[in-house]
Structure formats: C-alpha cells, structure tokens
Amino acid sequence: MTAAQVPLAAWLLFAAPVSAILFGFFVMRRVKPEWTHLPILLSCVIVTAAAFWLAADVYTGHSFDLNLFRWAAAGAFGVDFGLRIDGPGVAVLAMVSLVGSLIHLYAAGYMKGDAAFGRFFLIFHLFFLAMIGLLTANNYVQLYLFWELVGVCSYLLVGFWFHKESARAAALKAFITNRIGDFGLLLAVLLIVLQFKVTHFHLLYLKAASGVSFALLPLIGVCLVWAACAKSAQFPLYFWLPDAMEGPTPTSALMHAATMVTAGVFLLVRSWPLIALVPGLPDLVAWIGGVTALFAAIIAGTKKDLKRILAYSTVSHLGLMMLALGLGQVGAALFHLVVHGFFKAALFLCVGNIAHALHQSTVNVDDVGGLHKSMRLTYLSFLLAALSLAGVFPLGGFFSKDAILDAAWHHGGPLALMSMLVAAGSAFYIFRMLFLVFYGARSQQKDAAHVHEAEPILGIPVLFLALGAAAAGLLKAPLERFVVSGLRGLPSGLPGLNLVLNLPGELFLPHLNWIVAGLGTLMAALGAATAWRLTMSDPGFDWRWRGGVAEAMFESDFGWKILIDRGARAVSRVADCIGRVLDKGCLDGLIEGMAGLTRAAGTLIARSAQGRVNDYLWWMVIGTALLLGRVLR
Amino acid sequence: MILPLTTLWIVPLIGAAVCSMMGSRSKHAALIFSAAFLAAVGIIGLLQRPTEGLLVINEIGPAWAYGISYRLSADSLSIGLIGLTAFLNLICVIASWELEVSAGYWACFMALSAALTGVFLARDLFFFYIFWEATLVPMFFIIGLWGSSNRLHAAVKFFLFTFLGSVLMLLALLALVSAHHRATGVWTWDLAVLDAGTLGSAAPLVFWGLVLGFAVKIPMVPLHTWLPDAHTEAPAAGSVMLAGVMLKMGVYGLLRVALPLFPILSWDALPILGGLAAFSTIYGALCAMAQTDLKRMIAYSSIAHLGFCLLGVLSRTSQGLTGGALQLVNHGLTTGALFLMVGFLYERSHKRGLSDFGDLASRAPYLAFFFGFSTLASIGLPGLNGFVGEFLSLSGALSALPVLAFAGMFGVTLAAAYALPAFQAVFWAPAGSGSVSAKVTDLNYRERAVLWTLSGLMLWIGLAPRPWLAWFEPALRGLVR
Amino acid sequence: MMIPLGPQAALATGVLGTLSLGLMRRPPALALRALALVAVVSSMIFAVWAPIGAFPSLIILCDAKSIAWQCLIGLGSLPLALWLDGEDDVLVALFLGATLGMSLLVTAANLPMLFIALEFMSLPAYLLVARSRPGSRGVEAAIKYFFAGGVAGALFLLGLSMYYADTRSLAAAAALSPLGQAGATLMAAAALFKLGAFPLNWWLPDVYEAAAPEVSGFLSTAMKSAAVLFLMRLCELAPQAKFAAYLPAIGAVTALVGSVMALRQERLQRLFAYSSISNAGLLILGVGAWALAGRPADGVIALLFFLVAYALMSNGTFAFIKYAGIETRAQLKGRGAMLFAPSVAFTILLFSLGGVPPTGGFIAKLLLLWRAVDANLLWPAVLGGLSALISLAYYLGMTRELWFEAPQGPEPKPDSGAALVIACAVGVVLLGAAPWLMSSFSGVPTR
C-alpha cells in the first residue's frame with residue numbers, strides 16, 4: 001500500500017480541520033468573526049463523515065498502517081510519520097468525531113455573543129484536530145506530538161476566561177500536571193528509541209511478541225502508565241481535572257467526553273502489548289484504576305457544584321476503564337470509553353443548559369431545583385444519560401459497565417468488591433444530582449418557574465448525545481469486531497505487518513453474565529435509593545457533610561490536595577531560594593565579591609605608597625635582600 | 001566558486017564602516033548591508049553547497065610568522081550558524097528601525113556580525129581567537145551605550161567575565177601550538193593539522209583550559225552569572241544577538257575545537273561536563289521560576305536550554321549532535337523572538353517586570369499570540385522547533401548518559417512552570433494598580449512581519465525538521481563516537 | 001655612513017648644538033625643536049645603517065638587538081621631541097642627554113660602560129622630571145627619583161665589584177661563585193629598579209604623576225625599553241647567573257601588583273604609572289622566559305614587539321591626557337562625544353593596553369605569554385593573563401566613563417596633539433590587524 005492508496009477519508013480527517021482553522025484564523029477572524037464557526041462546523045461534518053467512512057472500511061477489514069513521510073532523521077535513527085487506521089483507533093475516532101461535532105454545534109449556540117467567539121472556536125477545533133491526530137498516529141513520537149497539542153489546547157480553553165483568577169490557576173494547574181505526566185511519556189518514548197530503535201506501534205508489537213526480553217521494558221511501562229495517569233486524571237495525578245471545569249462548558253464536555261482524558265486510556269490501549277509483558281504492571285494499572293474509581297465516586301457524592309460532580313464522575317469512570325485495562329480487558333475498556341463519551345458529554349451539556357438558563361457560569365445543587373417541568377428536553381436528555389451512567393438496563397452504560405464488573409468479578413478479591421462499590425457510588429451521585437436539580441423542591445432552592453428551556457441549538461445536540469448514550473449498548477457487537485479486525489491482521493505498508501499478531505489481552509467482550517449484571521443493577525439501585533433517601537424523602541437530612549472532619553476530608557480529597565499544594569509551594573520556595581539567594585547572593589556575590597576584593601587589595605597596597613622616600617628605600621633594600629637570599633640559598 | 005568565503009565577514013564589516021559614516025541614514029545602510037550579508041550566506045550556502053558537509057569550502061591565505069595563516073573553511077555547521085547570524089542581524093535591524101539611535105548602533109551590530117561570522121569561519125586557531133574576542137567589543141558598546149539603567153555595570157561585567165574564559169582558552173591554545181612545534185618542528189595554528197597527542201601529560205590542563213573558555217560562553221552553571229545581567233541590560237536587539245548567536249559560540253567551540261582535538265579526554269570528562277550541563281538545565285529553570293523580570297527570566301531559560309543542548313552534543317551520538325546543533329538554531333529563533341517582544345514592551349512602557357503588566361491579551365492580541373507561540377516553542381511543544389532539538393538531544397543523551405539525561409529532562413519539564421506563569425502574569429492577569437499596560441499598543445506591521453517570519457520558521461522546523469537536520473548532520477558525523 | 005657610534009654621535013651633536021644655541025640671549029625655539037627632532041630621527045637612521053660587530057676599542061657592541069633598541073628608543077622619544085617646549089633650551093638638552101644615555105646603554109659592551117651609560121641616562125632624567133612641570137611637585141618627585149636612583153646605582157656598583165672580584169672580568173664570564181652570583185643579582189636589582197619591578201617600584205608612580213604627561217610618556221617608553229635591554233645584557237654577560245630563574249616570578253607578581261594597584265587610582269597619570277608597572281612586569285616575565293629558554297635570537301621578537309606596541313600605546317595615552325587637559329578619571333566622563341576622534345583613538349589604545357584583539361597590544365601580550373608557555377612557565381603565564389584581565393577592568397572603566405556616562409564639569413579645552421593620539425591608535429591597529437608585521441619583525445634580531 002502506498003500513499004496514493006490512502007483513502008480520501010483519511011486525508012479529509014486532517015485536511016478539513018486544518019483548512020478550517022487556517023481559514024478561520026486568517027480570513028474569518030478579520031472579516032466576520034461571528035461567523036468563524038461556520039467553516040469549522042462544516043469541517044466537523046466532513047470529519048464525522050470521514051471517520052464513519054473509515055470505520056466502515058475497518059469493519060470490512062480494510063485497516064492499514066502506513067508511513068507517509070520521514071519527520072526527522074539523524075544518522076541511522078529516523079522517525080516516520082504516518083497513519084494507522086485500525087480497530088481501536090477508529091472505534092474511538094468515530095465516537096470522538098460524532099460527540100465532538102455535536103459539542104461543536106452546541107458551542108455555536110452556547111458561546112454566541114462572547115467577545116472572543118472566534119478565538120474560542122479556533123482553539124476548540126484545534127483541540128478536536130489534536131485528538132484526531134492522536135488517534136490516528138502510527139508511532140509514539142507522532143502520538144506525543146498530538147498528546148502535547150491536546151494539552152496545550154486544553155490549557156488555552158480552561159484559561160479561556162482568563163480574567164478570572166480561578167480560570168488562570170486551573171489552566172496552569174492542568175498544564176503543569178499534564179507536563180509532569182508528559183515527562184513520563186517523553187521518557188518512555190526516548191527509552192523506546194533507546195531500547196527498540198523504532199517507535200512504530202506495529203514494529204514494537206512485533207518486537208514485543210518476539211519473545212526476547214527487554215531490560216528497559218518495565219521502566220518504559222511504568223513511564224507510560226505514569227503519563228496515562230496524568231492525562232486520564234488517575235491517582236496520584238488526577239487533581240487537575242476537577243479544577244479544569246473553569247473553562248466554558250463545551251470545553252468541559254469535549255475534554256471529559258472525547259478529547260483530553262480519553263487520551264490516557266487510549267495510550268494504554270495502544271501500549272498494551274508492551275505493558276502486558278511487564279510482570280505486575282497490569283495489576284498496578286488495575287489497582288490505580290480501582291482505587292481512583294472508588295475514591296472519586298465517593299468525592300463526587302459530596303460535591304455541590306454540578307460540573308465538579310461530573311468531573312469527579314469522569315475521574316471515577318476513567319478509573320473503571322483503567323481497571324478494565326489492568327485486568328486485561330482491552331475491549332471492555334474501549335467499550336466503556338465510547339459509551340462514557342456519549343453520556344458524559346450529554347451530562348455536561350445539560351449542566352451547560354442549566355447554567356445558561358440561570359445566566360450563571362457555575363451552578364450549585366442548591367441553586368435550583370425542580371427543573372423537570374421547566375426544562376423538559378434537558379431533563380429528558382439528562383435522565384437518559386444519567387441512567388446510562390448508572391448502568392441501568394438496557395441503556396449503553398449497563399453493557400459497558402457490566403463488561404468491567406464482570407472482569408473484576410472474575411478476578412475476584414478486593415477489586416471485585418471495589419468495582420461493585422463504584423457501581424453503587426456512581427448511581428448515588430448521579431441520582432443525587434438528578435433529584436436535587438430536577439425534582440427536589442428543597443427550601444433553599446430557587447423557584448424553577450422562571451427558568452426556560454434552552455433554545456434548540458443547545459437542546460438538540462444534547463438530546464442526540466443522550467440518545468447515543470442510551471443506544472450505545474448496540475455498539476457492543478461492532479466494537480468487538482472493530483477491535484479484533486484492528487489488532488489482529490493489518491494489511492499494510494510496513495514490513496512484517498501481514499503477520500498475524502497474537503496480542504495479549506482479552507479482545508472479546510465478555511458475554512453477559514446474569515449474576516454480575518444482576519449484582520451490578522442491585523448496587524445501582526442501592527445507590528439510587530440512598531440518593532432518594534438522602535435528598536428527597538428526608539429534606540432535613542444534612543447530606544452536605546457540613547463542617548467537621550468529613551467536610552475537610554472530602555474538600556481536600558482525603559488530604560491529597562493539601563499535600564499537592566504543599567509540594568508545589570515547596571518547589572516554588574526552592575526555586576526562590578536558588579534564584580534569589582543562591583544565584584544572586586552566593587554565586588553572583590562570589591564573582592562580584594572577587595572583583596570587590598581585588599579592588600580592596602588595590603586600595604590596600606596603594607596605601608603603602610605614601611610618597612615617603614624612606615619607605616621606598618626600605619622596600620628596595622628588603623626586595624633586593626630577598627632576591628639575594630633566594631639566589632644565594 | 002562564486003563568492004570567496006571572506007565575503008561573508010567582509011560584507012558586514014564594510015557595512016559597519018559605512019554605517020558609522022552615514023550619520024542619520026545609517027539605518028538604511030545597515031538594512032542594505034545586512035540583506036546583502038544574508039544574500040551572501042544564501043549564495044554560498046545554497047549554490048556552493050558544502051557537499052557532504054565536510055570541510056570543503058576552504059580558503060587559505062599565505063602563512064605568516066609562527067604558522068599563523070589566514071585560513072577559512074566552511075562546512076554545513078558553519079554555514080548554518082552564519083546563516084543564523086545573518087538572519088538575526090537582519091531581524092534586529094528591522095526590529096530596531098524606529099529606535100532613535102546614533103549611527104554607532106548600527107555599526108556595532110554590523111561589526112558584531114562580522115566578528116561572529118569570523119568565529120564560525122576560522123580554521124586557523126589564531127584567527128578563531130581574534131574573532132572570538134572581537135565579538136566582545138561591539139557587544140560591550142551595545143550594552144553600555146544603548147542598554148537600560150544598570151548598563152554600566154553590566155557592560156563591564158560582561159566583558160571581564162567572558163574575557164576571563166578567553167584568557168584561559170588562549171593560554172591553552174598557546175600551549176597546544178607550542179607542544180606541536182616541539183614535537184614536530186612545525187609551527188602551525190591550523191585546526192586540521194594540530195594534534196593534541198603532542199601535548200603529553202599537559203593534555204588535561206590544556207583541555208580544561210579550552211573547556212573553561214567555552215563553558216563561560218555557553219554559559220554553564222556556575223560560570224553563568226554574567227549572562228542575566230548582560231541580557232537584562234542590553235537593548236532588545238542586543239539580547240537577541242547575545243542569546244541568538246553569541247551563546248552559540250561556546251557550543252560551537254566545543255564542537256569545532258575541543259571535541260575533535262581531545263576525543264578521549266572529552267569522553268573521560270563526560271561525567272563532569274555532562275553533570276554540569278544537566279545541572280544547568282535544572283538550575284536555570286529553577287532560577288527562571290524565581291525571576292520577576294521578564295528579560296531575566298528568559299535569560300535564565302537560555303541557560304537551561306543550552307544545558308540540554310550541551311547534553312546532546314556531549315553524548316556524541318548522531319541524534320545528540322544533530323539535535324544539539326539544531327537546538328542552537330532553534331534557541332536563536334525562539335529566544336530571539338521572546339527578547340524582541342520584551343523589547344517591544346520596553347520601548348512602549350519602559351518596564352519589564354512581570355507585575356508591571358497585565359491584561360495584555362485583550363489590549364495587544366498580536367503580541368499575546370506571538371508571545372504565547374514563542375513561549376510554547378521555547379518549552380518544547382511538539383510541532384514547533386524547540387521539541388525537535390529537545391527530543392533528539394535527550395534521545396542522544398539518554399543512550400550515553402542515562403542518569404544525566406534523566407536529570408536534564410526534569411529541567412525541560414520545569415520549563416512550563418516558569419514560562420506559563422510569566423505569560424499569564426503579563427497577558428492574562430488583570431492589570432494591577434501600578435501597571436503600565438495602558439501604554440502598550442499592539443504590534444505594528446513591521447513588528448508583526450518580523451515575528452511572522454520567526455514564527456513561520458519555528459513552525460517549519462517543528463513540522464518538517466528533516467531538511468534542517470540533514471543540513472547539519474554530515475558536518476557532525478565525524479564526531480560521533 | 002657605516003660608523004659604529006653614529007646614533008650616539010647624532011645625539012651628542014644635538015646636545016652640543018642645543019647648549020651652544022642656549023648661549024644666545026633668546027635661543028630660537030623653532031631651531032631648538034628642529035634640532036631635537038633631527039637628532040632623534042638621524043640617530044634612528046644611523047642605527048639602521050650601523051655596522052654589525054663588536055668594537056672593543058670603543059667599548060661598544062653593535063648587534064641586531066642594539067640596532068633594534070636604538071630604533072625603539074627613537075620611537076619612544078619622538079613624541080617628546082615633537083612636543084618639547086622650544087623656549088626652554090635646558091629642557092631640550094636634558095631630553096637629548098637622556099636619550100644619548102639610553103643610546104649608550106644599548107650598545108655598551110662591558111659592565112663599567114653599562115654603569116656609565118646608566119648614570120648618563122638617569123641624571124638628565126631626574127632633572128627632566130623636575131623641570132618639566134613648574135612648582136614644587138616636580139622637584140619633590142625628582143628628588144625621590146634621584147635618591148632611589150642613587151641607591152640603585154650604588155647597588156649596581158657594589159654588584160659590579162663583587163662580580164669583578166669573583167671573575168676578574170668586566171664582561172662575560174662562564175662560571176660564578178656565590179660572590180659572583182651575589183654581584184650579578186645586585187646588578188640585576190638595579191635593572192629591575194629602572195623597570196619598576198615589585199617591590200622596587202614605589203618611586204615610579206610619584207615620578208610619573210609629577211612629571212608632565214609627555215615626559216611620563218617618554219620615561220615609560222624609551223627609558224623602559226633601554227632598561228629591558230639592560231636586563232637582557234646582564235643575562236647575556238652572566239649566563240650562569242641564577243637571578244634569571246626568578247625573573248618570571250618577579251615579573252608575574254609585578255604585573256599582578258601593578259594591575260591591582262591601578263584599579264583604585266583616580267588620577268590618570270598615576271593610574272598609567274601603575275599600568276606601566278604592570279606592563280613592565282610582563283616584560284620582566286618575557287626576559288625571564290627568554291633567558292631560561294637559552295636566549296634564542298627569535299625569542300627577542302616577543303619583547304621587541306611588545307615594546308613597539310607599548311611605545312605607541314603609552315605615548316598615545318599620555319598624549320591624550322595632555323591633549324584633553326584632564327587629570328582625573330572623573331574628568332573623563334562624557335568626554336567621548338565632545339572630543340570624538342581623539343577619544344575613539346584613546347579607546348582603541350585602552351583596548352590595546354588591555355590586550356583585546358585585533359590590536360597590537362593583544363599580539364604583544366600573546367607573543368610574550370606564548371614565550372612563557374613555551375618555556376614551561378605555566379603559572380607565571382597564568383598570572384600574567386590574570387593581570388591582563390584585572391587591568392582590563394580599569395581600561396574598560398575608563399572607556400565606560402568616556403562614552404557611557406554623562407559629562408560633568410566644564411567643557412574641556414583641548415590642547416594640541418590630537419594627531420599624535422590618532423597616529424598611535426592607527427599604529428596599534430596596524431600592528432594588530434596585520435600579523436604579517438610579525439614576520440617582518442622576526443627578521444630583525446637575527447639579521
């Protein structure tokens with residue numbers, strides 16, 4: 001296969017967004033900034049069409065992996081950039097392009113009238129483009145390029161309303177935390193270069209499958225997991241994500257559902273053939289995922305800010321995906337990734353609609369209640385997505401979560417227990433939110449009567465997303481086929497790619513296990529019931545854990561946030577010490593001091609020359625005598 | 001041969017002479033001559049392309065006393081760095097177009113370019129040293145005459161400190177030439193002929209003398225304290241040349257003189273040199289975090305950048321050397337752009353402090369865009385130039401000096417922790433009470449043109465670095481261990 | 001024309017002519033100046049054409065060095081010849097007399113002759129200092145100079161007698177007993193005194209500061225050149241003398257001390273006096289390196305080049321001080337823009353003194369340090385380099401004051417002599433920019 005045979009759709013994936021962005025930047029922004037979104041929306045349509053076209057190709061067995069041009073070379077070492085259109089990539093790509101496009105459409109309504117409308121759309125689309133690039137990269141360097149671009153775009157979007165102190169701080173926090181994670185990815189890539197001399201996924205798979213043991217592989221694996229933890233907001237690097245909702249709501253939706261946080265999970269999917277070879281590492285991933293999922297679910301149940309609840313929910317769900325990965329269920333992780341994309345986007349946009357209706361940038365659960373009457377469409381969408389999230393049969397979340405629960409069940413032990421608790425926790429926090437916002441006419445909540453339903457451009461995309469979330473269970477079969485056809489045999493332009501790989505990890509999704517499904521549903525019902533009990537049946541109950549140890553504990557994420565803040569402050573103190581005290585005072589002081597010392601010596605010696613001839617003669621005699629003494633010694 | 005190599009340094013030198021005589025029209029002369037200079041580099045670099053990058057363009061004058069002779073030679077590394085010099089010189093002239101300065105300003109810049117070019121061309125070590133030192137004089141005047149408030153101190157400090165390194169380097173060169181004469185009976189300063197094997201037991205001393213001389217220029221911590229002062233006080237264009245080209249002389253000296261002459265010693269010295277380079281990366285980044293002055297921050301970031309560039313070079317792998325060489329160009333473009341923009345800010349408001357500004361993203365969107373772009377390039381965003389150099393340098397370093405490369409990577413990671421807060425403080429944060437943001441107008445067409453050019457190059461190198469790497473790679477092949 | 005004592009004869013004629021003209025009630029100023037100039041120039045011409053060889057009957061020795069140094073002395077004294085106050089016939093006679101003494105010194109063939117020439121050179125110099133600047137300061141300095149010079153002369157005589165007692169020779173001697181060693185050392189001390197080596201240097205700043213700038217220029221160049229050859233001659237006459245082994249160290253320390261002491265000087269003439277001590281230190285280091293390397297003929301080039309460059313630099317700087325009519329560093333501030341061309345020239349001279357390429361001062365320092373490195377005198381060379389670095393601090397400081405700082409005080413009233421400053425600057429640039437000059441220099445000592 002050569003570059004000429006690359007399907008048009010693959011070119012369009014890049015050509016459309018790039019030209020839309022360039023056109024927007026150079027032409028629209030000057031001529032008609034309020035129309036900047038039009039070429040971009042067109043590009044979204046093209047990208048979505050292209051993604052589905054490619055998905056169809058892959059479905060029919062036409063996946064490929066091709067080098068297009070050599071990016072950099074030095075000596076024997078070279079990095080080629082190319083395209084890898086395979087099952088996992090296309091599965092996520094299709095979701096990302098569809099969900100992303102709907103969010104774009106939503107954003108066109110949501111951001112209307114903003115002073116920086118043009119800027120928003122350009123960065124937003126660049127964010128989208130970066131994710132597409134990440135999903136179609138065929139080697140680690142290329143992946144790293146888009147990985148970083150995703151990070152930068154998220155920085156710019158989180159800090160979009162930069163006049164807000166909190167937005168600036170959140171943007172910085174997000175970027176620096178991601179940088180810390182990127183350190184891991186960069187190191188991993190460099191180590192891969194050092195160990196394998198190639199960076200192509202497929203060649204790496206071949207090498208990894210060759211049975212030779214590689215000394216650096218454990219380190220590479222750990223670095224990759226570290227990177228994924230930062231990007232996908234897993235413990236210990238999850239803390240940036242809840243703050244990152246400072247950006248406009250469409251940004252949060254895109255970040256949480258499609259573009260940003262899924263990158264980490266996707267990285268691990270791509271790297272799974274390497275990671276699986278490292279003994280103990282999958283277990284580590286599973287534990288990280290399990291612990292994060294549980295702990296984020298608990299915190300999500302204590303938050304008041306709607307977006308913050310959803311943010312912790314994302315952390316929790318990403319934890320579930322990591323858990324699935326750690327248990328070797330690559331397919332299950334991917335499945336949940338896709339389904340999660342739909343329901344999480346829908347939920348965020350619902351919150352956006354509520355905020356929009358209230359003319360507030362953030363909404364607390366206290367702020368409003370009983371919206372199910374005034375915002376019917378939003379309510380419907382939220383309900384579908386929430387049920388999906390909670391894993392209620394027969395919505396999408398049920399199937400994807402069930403696959404993970406099943407895996408954990410088979411693994412047994414604490415992880416199984418944790419996954420069940422997460423199922424209960426998820427249901428709890430999402431139903432709590434649902435009840436409080438859409439039903440609960442609690443005393444302190446405002447009357448919902450003056451709140452109106454959002455206009456169609458805000459409502460329709462959300463509804464579509466919610467329907468997608470509901471129907472995503474249907475994707476199970478095609479996805480299975482995607483993953484299999486994508487990872488097994490790849491007809492392509494790379495040498496050795498025709499080999500059939502026997503990759504580690506379970507690619508097939510488990511069949512529905514009725515016991516697990518039943519247990520999961522039971523747990524979800526338990527969570528929902530608790531939520532009902534705490535919010536609706538006993539309005540007097542203090543469900544917010546005000547004051548005391550509990551609040552401090554939940555506010556600080558069990559103390560972790562305090563630790564992180566202390567660490568950051570310590571680093572900046574060290575920098576201050578070095579930059580001001582050590583460098584300016586000691587090192588530079590030493591240099592300047594030496595100059596001063598020389599000058600002082602000059603003054604001192606010159607003082608000996610007082611103009612008295614007696615002294616001069618004594619000096620002469622002493623000097624001559626000394627020389628004489630040396631010579632005659 | 002279309003143009004002799006001598007043209008390359010004579011053109012700017014004549015330019016300097018003409019500028020100094022043209023009075024109020026000297027900036028036009030400077031523009032013409034710097035354009036001619038760039039054209040000359042283009043002609044020699046592209047039409048007389050050094051095939052295979054080896055020392056192929058040579059120019060050998062008569063031999064004078066003690067084997068001193070006027071020998072020039074250019075390979076792709078030299079031409080690349082001269083191209084950078086010429087390009088930045090032109091950029092500086094255009095960027096300073098509206099400054100109210102005397103003819104001497106333009107003459108100094110042209111003279112500086114001439115001397116820098118000479119350094120990159122000389123194959124005779126005597127001439128290498130002459131050009132090396134001659135760079136100091138115009139820069140001394142640029143800082144002293146057109147610098148900001150503390151310029152008097154900074155100018156003298158800059159000169160003396162770097163001269164200290166040069167004196168050591170000179171003594172080392174003298175010892176080398178003498179030893180060669182004693183062993184072979186031939187006086188020569190020719191880099192291609194000199195053999196450090198004749199030094200015997202004095203070799204380490206000579207090696208370290210040379211390295212110290214270069215390390216001051218690079219600058220390597222703890223020999224760096226001249227740099228923040230000099231950068232901060234110099235006028236914007238002066239900082240551009242200082243960071244863009246003058247710092248490169250140190251790495252160039254290592255590549256051209258120290259490593260080829262002492263291949264084994266330099267390998268033995270790797271733990272120390274590499275350790276200092278890695279340390280510079282972290283130290284520079286931490287220092288940059290503590291700065292409250294934009295220029296000082298960028299100056300410290302230069303120390304950090306040159307640190308990992310050096311790591312790559314010292315690793316003596318193909319990636320490391322090529323990436324390091326490309327990083328020299330990258331750093332020139334990126335830091336050059338940043339210094340120019342701080343200069344534009346300073347011209348408008350006479351302030352440079354992080355807290356003196358705020359909210360500039362709304363007031364000066366172009367400035368914000370270019371500053372953000374360059375900052376991202378500087379912290380190594382893939383797709384922009386900084387990443388290529390960083391990636392290849394570190395990749396080379398990792399194979400030779402794993403622990404040091406690891407340490408160097410920390411410095412790279414820290415880059416975001418100083419660059420972005422500074423960006424936010426100036427462009428995003430609301431303007432404080434003492435802020436001078438109101439005086440800051442957005443970039444005009446001339447300034448934008450300059451920055452578009454620089455940004456375009458950053459993007460080009462970032463997206464398609466291969467031709468650039470291919471340009472440098474052959475010249476460095478001989479150094480690969 | 002090939003007469004052995006040509007230069008001396010020309011200068012002696014000059015002295016006699018001046019004295020004769022002085023008999024007139026009002027000596028014609030123009031004629032006196034012309035006479036001085038002609039005497040100096042013709043001494044150089046005679047020197048170039050002088051025959052090579054030893055002339056025992058005349059107790060003189062004409063070798064390549066003496067010829068070169070004769071020219072050097074001419075070069076050093078030319079500015080003063082151009083500038084002398086023609087009204088004062090005694091001054092002219094003293095100047096020519098001192099030059100004659102130097103001229104005799106460079107051709108002296110044995111030790112008594114060296115002593116006579118030394119005194120011949122010194123006595124007029126004392127008076128020159130006293131007379132060049134009216135008032136008590138000059139006289140005080142001259143008296144100090146005289147006392148110190150007298151002690152140096154006594155040391156030399158004492159050394160000479162000990163040397164003679166040991167070797168029964170007034171010229172070269174092979175082996176030396178401790179007595180002879182002591183004698184040689186004492187004689188060397190006299191030479192070091194003339195050069196201003198540490199710690200025999202204290203008289204020098206007082207004298208240079210008190211004399212008129214042009215006289216200081218003369219003393220620091222012509223006299224110093226003669227003294228260098230004096231030291232070299234001692235090394236040649238007593239090749240076994242151990243003092244030569246200490247010259248590099250003495251030189252390095254002197255260079256360092258001179259530079260360090262000049263750092264805080266406010267008065268320019270005093271500053272340049274210390275700077276001249278520093279340069280003398282490098283010269284002593286160079287002589288030491290030359291002596292230790294077995295006195296190679298081509299080793300003289302370094303010293304010669306240094307002296308030529310230094311003659312230009314020192315005369316040029318003192319000429320600028322005279323021209324600008326300033327006394328302190330503070331008065332330099334902001335002068336650059338007012339006295340543009342001479343200030344540019346002065347700046348070039350300063351950079352040259354600091355050893356910055358591409359100037360003659362750089363090549364001079366390079367050659368000298370190179371000789372030291374070549375003779376394995378690494379540490380003295382490093383100290384020499386360090387002294388160059390420290391000296392650069394005040395040369396740059398003066399440049400800074402001249403150009404970067406705001407002017408203070410009244411407008412300067414420039415004196416004559418701008419052309420000389422510029423000529424000297426052009427000279428050092430030529431010396432530095434054209435290393436081919438070195439190849440022509442390299443022929444001189446071996447001719």
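Predicted model: local features only at pLDDT ≥ 70, side-chain atom pairs only at ≥ 80, totals over all residues.
We may begin with the overall layout of chain A.

Turning to the interface between chains C and B, 36 residues of chain C touch 34 residues of chain B. About 3100 Å² is buried between chain C and chain B, with carbon and sulfur atoms giving 83% of that area. On the chain C side, the residues that lose the most area to chain B are C:Trp370, C:Leu389 and C:Phe404, which together account for 24% of what that side buries.

Helix α5 (residues 111-132) and helix α9 (residues 213-237) of chain C have axes that come within 12 Å and cross at roughly 165 degrees. Angles over 145 degrees count as roughly antiparallel, and α5(C) and α9(C) are therefore roughly antiparallel to each other. Their crossing is left-handed. From α5(C), the contact draws on C:Leu111, C:Leu114, C:Leu118, C:Met121, C:Ala125, C:Leu128, C:Val129 and C:Ser132. Facing them in α9(C) are C:Val215, C:Phe218, C:Leu219, C:Met223, C:Ala226, C:Phe230, C:Arg233, C:Leu234 and C:Leu237. By class, the residues of this contact between α5(C) and α9(C) comprise 15 nonpolar, 1 polar and 1 charged.

The second pair in chain C consists of helix α11 (residues 268-292) and helix α12 (residues 300-324), whose axes come within 10 Å and cross at roughly 175 degrees. This angle makes α11(C) roughly antiparallel to α12(C). The residues of α11(C) in the contact include C:Phe272, C:Leu282, C:Leu283, C:Val287 and C:Trp290, along with C:Ser276 and C:Asn279. Among their partners in α12(C) are C:Leu303, C:Phe306, C:Leu307, C:Tyr310, C:Thr317, C:Phe318 and C:Ile321. The contact of α11(C) with α12(C) holds 13 nonpolar and 5 polar residues, and no charged ones.

Helix α2 (residues 26-47) and helix α4 (residues 103-121) of chain B pack at an angle of about 20 degrees, their axes being 8 Å apart. That angle makes α2(B) roughly parallel to α4(B), and the crossing of α2(B) and α4(B) is left-handed. On the α2(B) side the contact is made by B:Ser26, B:Lys27, B:Ala30, B:Phe33, B:Ser34 and B:Phe37, which meet B:Ala103, B:Trp106, B:Met110, B:Ser113 and B:Thr117 of α4(B). The contact of α2(B) with α4(B) comprises 6 nonpolar, 4 polar and 1 charged residues.

In chain A, the peptide bond from A:Phe393 to A:Pro394 is cis, with omega near 5 degrees. A:Pro394 sits in the loop between α16 (376-390) and α17 (396-411) of chain A. In chain B, a cis peptide bond links B:Val221 and B:Pro222, with omega about 5 degrees, and B:Pro222 is found in the loop between α8 (203-217) and α9 (226-233). Chain B also contains B:Asp359, which has a positive phi of about 60 degrees although it is not a glycine. B:Asp359 belongs to the loop between α14 (318-349) and α15 (360-363) of chain B.

How values were computed. Residues numbered from 1 in each chain as written. Chains lettered and ligands numbered in written order. Heavy atoms only, no water. Axes fitted to C-alpha atoms, helices over the stretch in contact; angles between N-to-C directions. Helix = DSSP H or I, 4+ residues; strand = E, 2+ residues; numbered from the N terminus. Parallel < 35°, antiparallel > 145°, perpendicular 65-115°, else oblique. Left-handed = near helix turned anticlockwise from the far one by under 90°. Contact = heavy atoms within 4.5 Å. Nonpolar A, V, L, I, M, F, W, Y, C, P; charged D, E, K, R; others polar. Buried area = accessible area lost by both parts, 1.4 Å probe.
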